[in-house]
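Here is a short note for someone opening this entry for the first time. Please keep the sequence and the view side by side while reading.

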Amino acid sequence: MKIGFRRGVGAQEIPGGNYIVMMLATVTFAIQMLGDPQQKYLNGFILKNLTFSSMFGYMWLHMSMAHIVGNLVTLWIFGRHVSLKISDASYVLSFILLGICAAFVHVYYDGRPTIGASGAIMGILGMYVVLCFRQFGVLGPWLILIWFLLDLTAGIIGNYPTTYMAHGGGFLAGMFLATLFVIFKVAKCDDIGPSLLRIIRPSLYKARLYECSTISGEIVTAVKKQPEINESINFEVGTVKAGKLVQQTKKPILR
């Protein structure tokens with residue numbers, strides 16, 4: 001089964017929102033290391049309790065070079081694809097909101113002082129699973145889900161130096177936020193990154209919550225290429241016009 005990376009960023013497409021987040025994290029880390037290596041002046045940004053400064057500031061601070069490099073690499077691999085699905089401003093605001101959600105979960109379930117963007121980044125991974133379900137082939141999103149389950153298990157067991165519950169909270173918040181973006185048509189739908197919601201497209205189509213011309217085109221193409229599959233299906237398509245279901249037939253045509 002294929003796990004290979006499929007490049008989805010075109011020459012004219014720039015994930016500006018992801019670059020902004022990466023730049024802010026890098027600049028903040030430089031200020032942190034050069035101007036306050038002992039955390040004397042930035043102590044108020046450490047997440048200890050639910051204050052505005054700590055919930056907003058902790059996600060931009062990092063423990064070491066390895067810590068920030070790992071987070072930047074993860075953002076580069078996954079965040080740029082999510083950034084292309086929504087506007088730059090929406091991406092930056094989503095990152096901050098997901099970091100705040102992760103902070104709430106961490107303080108409630110753990111409470112130890114912490115810094116780092118891992119909770120917000122796990123939120124971006126949650127958005128990635130919803131918006132870019134097959135970007136890395138068949139197994140990619142499922143590996144991310146397994147990663148999340150391992151994080152959640154470690155968080156429940158406890159006694160680990162990593163704040164795993166913040167990871168879990170950010171990830172679930174990211175999936176929820178991305179689902180809202182798709183339902184309210186804030187996120188793009190294209191051929192490059194088929195979304196997780198395509199798996200449940202029959203119910204979404206019938207509820208008139210999700211429409212995309214590329215999905216309809218893929219349905220017709222699949223039927224033409226594989227006429228033998230029109231034996232059993234719950235989803236029926238008659239005439240496809242402008243990406244919307246215009247007429248349904250009683251004959252099932254797609255599995």
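Predicted model: local features only at pLDDT ≥ 70, side-chain atom pairs only at ≥ 80, totals over all residues.

1. The core. The largest nonpolar core has 47 residues. Phe-95, Met-127, Leu-131 and Phe-171 have the most contacts inside it. At least two core residues come from each of these: helix 1, helix 3 (65-85), helix 4 (88-109), helix 5 (118-131), helix 6 (140-157) and helix 7 (164-183). Helix 5 gives the largest share of this core, with 10 residues.

2. A surface patch. Five nonpolar residues form a patch on the surface: Ile-20, Met-23, Leu-24, Val-27 and Ile-31. Together they have about 430 Å² of accessible area. Ile-20 lies in helix 1, which spans residues 16-35.

3. Why is Ile-20 partly exposed? Its relative accessible area is 34%. Buried would mean under 20%, and exposed over 50%, so Ile-20 falls in between.

4. Cysteines. How many disulfides are there? The count comes to zero, where a pair would need sulfur atoms within 2.5 Å. Cys-132 counts as buried because its relative accessibility is 0%. Cys-101 has a relative accessible area of 29%, so it is partly exposed.

How values were computed
Residues numbered from 1 in each chain as written. Heavy atoms only, no water. Patch = residues over 30% accessible without salt bridge, like charges linked within 9 Å, V, L, I, M, F, W, Y side chains within 5 Å. Areas by Shrake-Rupley, 256 points an atom, 1.4 Å probe, with all protein chains shown as cover. Salt bridge = Lys/Arg side-chain N within 4 Å of Asp/Glu carboxyl O. Helix = DSSP H or I, 4+ residues; strand = E, 2+ residues; numbered from the N terminus. Buried < 20%, exposed > 50% of the residue type's maximum accessible area, 1.4 Å probe, protein only. Core = buried A, V, L, I, M, F, W, Y, C linked by side-chain atoms within 4.5 Å.
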